[in-house]
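Let's take a friendly walk through a protein model together. Have a look at the sequence and the 3D view before reading on.

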Amino acid sequence: MTYNSQQSEDSHGAARSGAQREATLREWFENRDLTFIKSQKDAAIYLGLPLTRGRNVKAKDKEFITNWLEGRQVFQATGDYAECGFSYFLADGYVPQWDAILELKGGDKNGTTEEKLFFDLMKMEDGCYGDRQVYYIFEGKKEDDKCTLLFSKRLKALQARGIATNVTIVKFSEMGSTF
């Protein structure tokens with residue numbers, strides 16, 4: 001399902017809500033003169049590549065940008081993930097000044113976010129994010145809900161075993177004091 005089809009089939013508002021949260025996160029970083037990369041266009045601008053007159057990525061630069069985003073914002077599925085039909089995973093953002101991957105979890109409804117958290121734990125255990133710093137940023141009611149607490153507990157257990165030691169949990173409301 002593409003983002004556009006999600007928008008048109010977004011009966012419970014999750015896609016719209018996620019886009020709003022990502023815009024807020026982008027604003028937080030940009031207000032601190034940090035670059036928030038979510039798309040090929042963001043990467044092209046950061047890398048100083050010229051855009052078309054229509055402000056799109058030039059066709060000749062797409063392969064270069066795709067390769068640059070690999071391991072930063074795009075992660076190829078391997079092993080069991082590939083065998084089960086996954087092609088790749090996308091992070092919610094990348095901040096090049098910190099060489100950090102961002103994952104944003106928020107919302108005020110139950111369901112999808114909680115399920116994704118535990119799938120993300122599996123991906124962490126399997127090393128899908130590589131060695132770069134990963135910030136899991138929880139926003140709104142998700143900062144302190146029961147699934148976030150369980151996710152934190154399970155993450156700490158992985159880290160005690162030397163797994164996912166590059167992952168840090170951050171509450172959006174405390175980002176100013178954390179960074």
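This is a predicted model: local features need pLDDT of at least 70, side-chain atom pairs count only at pLDDT 80 or more; totals for chains, interfaces and linings use all residues.

Residues are numbered from 1 along each chain as its sequence is written, and side-chain values use heavy atoms, with hydrogens and water left out.

**The overall fold**

- The protein has 8 helices and 6 strands; these are DSSP runs numbered from the N terminus, with helices (H or I) of at least four residues and strands (E) of at least two.
- Along the sequence, the elements come in the order α-α-α-α-β-α-β-β-β-α-β-α-β-α.
- Of the 179 residues, 40% are buried. Buried means under 20% relative accessible area, exposed means over 50%, and partly exposed lies in between (1.4 Å probe, protein chains only).
- Among contacts (heavy atoms within 4.5 Å) with a separation of 6 or more, 60% are between residues 24 or more positions apart.
- The accessible surface is about 10,400 Å², and carbon and sulfur atoms account for 49% of it. Such areas come from the Shrake-Rupley method with a 1.4 Å probe, and for residues only the protein chains shown count as cover.

**The nonpolar cores**

- A nonpolar core is a set of buried Ala, Val, Leu, Ile, Met, Phe, Trp, Tyr and Cys residues joined through side-chain atoms within 4.5 Å.
- The largest one has 31 residues, and M124, Y136 and F151 have the most contacts inside it.
- Two or more residues of this core come from each of α3 (40-46), α4 (59-69), β1 (74-76), α6 (112-125), β5 (133-138) and α7 (146-160). The largest share, 4 residues, is given by α7.
- A second, separate core has 13 residues, including W28, L102, I137 and V170.
- Which residues does Y136 touch, leaving aside its neighbours within four places in sequence? Among them are L117, M124, F151 and V170.

**Aromatic rings**

- Rings of Phe, Tyr and Trp (its six-membered ring) pair if their centres lie within 6.5 Å; planes under 30 degrees apart count as stacked, over 60 as edge-to-face, and the rest as tilted. By this rule there are 19 aromatic pairs.
- W28 and F179 make an edge-to-face pair, 6.0 Å centre to centre with 65° between the planes. W28 lies in helix α2 (residues 14-30) and F179 in the segment after α8 (175-178), so this pair ties together parts 151 residues apart in sequence.
- W28 is buried at 10% relative accessible area, while F179 is partly exposed at 31%.
- F29 and W98 are also edge-to-face, 5.5 Å centre to centre with 75° between the planes. F29 lies in helix α2 and W98 in the loop between β3 (93-95) and β4 (100-105), so the pair ties together parts 69 residues apart in sequence.
- F29 is buried at 0% relative accessibility, and W98 is partly exposed at 29%.
- Ring pairs link W28, F29, F36, W98, Y135 and F179 into a cluster.

**Charged side chains**

- A salt bridge is a side-chain nitrogen of Lys or Arg within 4 Å of a carboxyl oxygen of Asp or Glu. The whole structure has 13 of these salt bridges.
- R21 and E139 form a salt bridge, with their closest N and O atoms 3.8 Å apart. R21 lies in helix α2 and E139 in the loop between β5 and α7, so the pair ties together parts 118 residues apart in sequence.
- K105 and D120 meet in another salt bridge (3.3 Å, N to O). K105 is in strand β4 and D120 in helix α6, so parts 15 residues apart in sequence are tied together.
- K105 is buried at 5% relative accessibility, and D120 is buried at 3%. Salt bridges that share partners join E103, K105, D120 and K123 into one network.

**Two backbone details**

- Most residues other than glycine have a negative phi.
- D33, which is not a glycine, has a positive phi of about 55°. D33 sits in the loop between α2 and α3 and is exposed at 70% relative accessibility.
- A164, also not a glycine, has a positive phi of about 60°. A164 lies in the loop between α7 and β6 (167-171) and is buried at 9% relative accessibility.
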